[in-house]
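The following paragraphs lead the reader through the structure shown here, beginning with the interface and ending with a sheet.

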Amino acid sequence: MTQAQMMPRRWVVPAFLAAVAVLSGACSERLLTPVNCPELCPGGQIVVYDTVLTPIVGSDTSFDGYVAANKSTGILVSNNLPAADARGFVKFLRRGDSVFVQDTARTYTIDSAKVNFTVDARDSLQPGVVLLLYKLPPTVDSTSTFDELTAAFTPEAFLDSVEVPDTLLSGKVTALFSGETLARIALVPADSGVLRVGLALTAPAATGVRLLAVAAGTGGPTFQTYVHANVADTAVQRQTITRVPNYNTYLTAVPFPQPTPTTLLVGGAPSARALMRFSFPLVLKDTAEIIRATLEMVPVAPIEGLSNVNSTVVAQGILVDLGSKSPLLGEVTGSNTFHVPTSAVMSIEVLPIVRLWQGSAGRPPAFFLWLSPEASSFSVPVFGSTADPVRQPRLRIEYVRPYQFALP
Amino acid sequence: MSARRLAWLALGLLLALPAAAAAQSSIFGVRGPGFPGRPYSAAAIGTGGSIGLFDPQSQLSPASLATLRTGTATFTLLADYRSVETPAGSASTRSYRFPNTYITAPIRHGMYAFGVGATTYLDRDFTLAVRDSIVLRDSLRAYTDTTRSRGGLSDLQLAFAIRTIPKMTVALAAHLITGTNRLVARRAFDDTSYSAVLQSAQTSTTGFGLAIGATRAVSNTLTLSALVRKDFTARVNIDSALYGGATTIGADYGLPWTFAAGAILSVTPFLQVATQGVYRTWSAANQSMVNLGAPGAKNSLDLSLGAELTSRARRATQFPLRVGARYGTLPFLIGDGPTYQPSEFALSIGTGARFAKQHGAVEMSLERVWRSASGSDISEKAWLLYTGLNIRP
């Protein structure tokens, strides 16, 4: 074979490899093509159906007694706010008369003290908000009424006023006691080492704040005492004694509304929740692919509250229907965060919950509604129930039936 | 390697192949059971398919085994680059397929030959996107529908040729037509309050066919070939539930008769010219297609003309130049209301070479295809690059 004859053959394998390389580049398939229907659409088109379900008549109701004010994550304080005129009460853990330093209990001399609160929510457009702190006698306790609490807010019991800066939407505020003011917070023998603080509020107009409570985990009230321990070593003389609440709550001038047989109520303290049950059609349970589900709740009256502070109505599915004690499905929720005042229909997207109702092992077709933050909102929405056909809840569902693939 | 061992190798390779060795996709395969495949080797494609009835690596006719000299395994790779125009817009697509795999061998000292292979019968690979809107809750909601199909029908062939008659070969073939089609429909709303619709299904189809073909050397320079093939009813099953007014799951549709004839002429020792015509009675599927909601089906005709030019008559397999042209009508109609039968025209060029002491061969062909449906605004152009690998033990 001559050199000339060898040359073409030399190119055979490289050419083949090049071809394979080119083809390999096409391995990532791309077939997407824009088309018009029905001219180039096989199998017809997806048809979306719409239906509206209402709860089973008489099966929707509200239950109360879930979360009490003293177990909630917030302490409400307001000044004649129409939605809720509230005062706060905090009872700290006992402060002992000695402090442990170098493994020995030492007496101490108080240098200064602080009472800290964390503002969780306030009307951002209301300036001049000032918290008023009162040192309460031991006669005020967890059984006290609003009137008994406010009766103890005397000038003699006045501790301090704490300004809530106009720019502060949320964050810490502190009352500092030192020098001449230190005597105001001094604990007398009758206090048994326990500081009880009453909370009121003043502002140019009716407003309120929500302070974090001890149940919030972090940011709850704290009582800090800075002391000099009676110990020779000056390096360890300065000590801080910190006490968190043993009990905190708020009381309102007028109790929150209670559930009635003809309305669905959520919120308040102790909090109320609403349960509603639906009859779930077979086509939705077994066949349909649900693409949107919206629960619509109609308020029977405008929802009041603290302006520019949001609350949220939460819808949650249930694991089994045990009435008021039905266990909630943890992570699957729908919610609507609303501003006050409002009388608009409240729409809550509940698709993830409704999808759990499908199939032979589906969850009960029911919702629990509750208000977040539970038992620490100035708002108490009241919605119509099936007793009021005009204002009864509606569940709007859009769904698709199985697509007809058999058609070319 | 003996014929028996080659047969076992062939069977093993066929089992290892994916069931749907689909060929090129097309927008014109959307409104029917698929886009018809072309059972040709890369070499035959280079001549526009005109030597398909004579090429032992093509599966159009079992009689093409007439010229088979030694056991051969053929694999064809196809890269398909298309640009599609529809009233909704344009798109560039690409796909990668194995449209033709064929194992052939002469047996009994060449008195007979057999072939077993897989090729594409109908290809149904597409992804379609539609932008539209509907009124939901008193508002217009825009959405994008995507319909995706993957799969189609493969044609598994067992061919047997009798070469004992002087200057003539008679061959028979049995065809098993089978395949699955995975379908996914998705609708995504612009308004994310609506969850995307996602539904899927899988269809499976089976059919059976028989073919008889013959090749006769009329003279030293002219050879003729003919084929008659009958494919019987395709039975479709779908895994999804009954829906709407449907009373049965799946459907049946008729498969066509195929009539083909061709001639190859050695004009000089360096030049061969071939022509071929293939007619398929796809109208057998028309009523079923219409009943299923498709525009329908018509008979298709495929005409091709090509030539192969070699530089040396004794080494005709080394870098021949193949050119060809073809015109064809496509069986499945498109349109809604007025319907249109698509057609295609293609020009092709190709070459090839053997290596490894004639044990291996590479064939390459490039085809430019124009497809359209007169009267509609739908058209597409494609570059089809075929690469064939032949192995002779």
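A polar contact is a pair of N or O atoms within 3.5 Å; within protein, one must be able to donate a hydrogen and the other to accept it, and residues adjacent in sequence count only if both atoms are side-chain atoms. By this rule, 14 residue pairs, both at pLDDT 80 or more, are in polar contact across the interface of chain B and chain A. Strand β3 (residues 89-107) of chain B gives the most to the side of chain B that touches chain A, namely nine residues; strands are DSSP runs of E, at least two residues long, numbered from the N terminus. That side of chain B comprises 43 nonpolar, 19 polar (Gly among them) and 17 charged residues.

The model is predicted: local features need pLDDT of at least 70 and side-chain atom pairs pLDDT 80 or more, whereas totals for chains, interfaces and linings use all residues. Residues are numbered from 1 along each chain, chains are lettered from A, and side-chain values use heavy atoms, without hydrogens and water.

In contact terms (heavy atoms within 4.5 Å), 79 residues of chain B meet 51 residues of chain A. One salt bridge (a side-chain nitrogen of Lys or Arg within 4 Å of a carboxyl oxygen of Asp or Glu) is counted between the chains: E398(A) with R137(B), whose closest N and O atoms are 2.9 Å apart.

Strand β1 (residues 32-34) of chain A runs parallel to strand β5 (residues 126-136) of chain B, joined by three bridges; pairing requires at least two DSSP bridges. Here L32(A) stands opposite T127(B).

Within chain A, five strands form an open antiparallel sheet in the order β9-β8-β11-β5-β15.

Terms used: Helix = DSSP H or I, 4+ residues; strand = E, 2+ residues; numbered from the N terminus.
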